[in-house]
Amino acid sequence: MTESKPDRQQGLAAAADTGGLEALIARAARAGKGLPPVERWNPDFCGDLDMEIRADGTWFYLGTPIGRPALVQLFSTVLRKDADGRTYLVTPVEKVGIRVVDAPFVAVEADVSKQAGRQVVTFRTNVGDVVEAGPDHPMRFVEEDGTGGLKPYVLVRGRLEALVSRPVMYQLVEHGEELETPQGPMFALRSHGEIYPIMPLEQLTRLSR
């Protein structure tokens, strides 16, 4: 007998612990076969879960931190951000909404190296993704509301970004350059031949005084 959408939604809403969630995700676990193809799945929306990813990358379920890193990593493999701006956990048969305070991932480590004479910035996220900033994984720097501070992001996959942690941001700034860009003179970061403006050179000069 095929389970109806209301039955599935009721089952998800009744989940009382992360064990129930783990069973949900287990249906799409990568099991050493690479990331699940979540972009190709189009399941029914089954409601929202009381799950939240805080700005520091900590995952909460029912108001309690999920203390098992392996479980968080498993959940992270079936995350998808859709065109509606919301983030979901997606399996072949279920799609449930979760809350994300800032970005779903945090870049906790960076390595700056040379490849074929070009600078390459490689990031590691808090859930184990490793990406090289470049055409497939662009960066952006935005001003933080209320403080004027900078918040760097790097695209990990799909529409999912990682917020670059503050210590890593300070590391990147050491590798910034003064460059001419279509937006004018900028303090910017290079990776894989791409230029990512950090701030106008004029603004940097004012801050350095």
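# Close-up views of a predicted model

**View 1. Strand β6 and its two partners.** In this predicted model, strand β1, which spans residues 45-53, runs parallel to strand β6, which spans residues 95-100, and four bridges join the two. Within this pairing, Asp48 stands opposite Gly97 of β6. Strand β6 is also joined by four bridges to strand β5, formed by residues 87-90, and here the two strands run antiparallel.

**View 2. The largest pocket, to which β6 contributes.** The largest pocket holds about 180 Å³ of space. Its lining is made up of 14 residues, and those that lie nearest the centre are Lys81, Gly85, Thr87, Val100 and Asp102. Two elements, β6 and β12, each give two or more residues to this lining, and β6 gives the most, with three residues.

**View 3. Thr125 in strand β8.** Thr125 belongs to strand β8, which covers residues 118-125. Is this residue buried or exposed? Thr125 is buried, because its relative accessible area is 0%, and the cut-off for a buried residue is under 20%. Once neighbours within four places in sequence are left aside, the residues in contact with Thr125 are Phe105, Val106, Ala107 and Val108, together with Val156 and Ala162.

**View 4. The open sheet of β13, β14 and β15.** Three strands form an open sheet in the order β13-β14-β15, and their pairing is antiparallel. The edges of this sheet are β13, at residues 177-181, and β15, at residues 194-200, each of which pairs on one side only. From one strand to the next, the twist averages 55 degrees. Strand β14, formed by residues 184-191, is joined to β15 by six bridges, with the two strands running antiparallel. One of the residue pairs to look for here is Phe187 with its bridge partner in β15, Met199.

View 5. His175 is found in the loop between helix α4, at residues 166-173, and strand β13. Although His175 and Leu189 are 14 residues apart along the chain, their C-alpha atoms are separated by 6.7 Å.

**View 6. Confidence along the chain.** The chain averages a pLDDT of 84, and 83% of the residues score at least 70. Confidence is highest in strand β12, at residues 160-164, with a mean of 98, and lowest in helix α1, at residues 5-13, with a mean of 42. Over residues 1-18 the pLDDT is below 50, and this stretch has 22 contacts in the model beyond near neighbours in sequence. Residues 27-32 also have a pLDDT below 50, and for this stretch the model shows 13 contacts beyond near neighbours in sequence.

Note on methods. Residues numbered from 1 in each chain as written. Predicted model: local features only at pLDDT ≥ 70, side-chain atom pairs only at ≥ 80, totals over all residues. Heavy atoms only, no water. Pairing = 2+ DSSP bridges. pLDDT = per-residue confidence, 0-100. Contact = heavy atoms within 4.5 Å. Axes fitted to C-alpha atoms, helices over the stretch in contact; angles between N-to-C directions. Buried < 20%, exposed > 50% of the residue type's maximum accessible area, 1.4 Å probe, protein only. 1 Å grid on protein atoms, 1.4 Å probe; cavity = no way out; pocket = protein on both sides within 12 Å on 5 of 7 lines; lining within 4 Å. Points joined across faces, edges and corners; volume = space filled by probe spheres on them.
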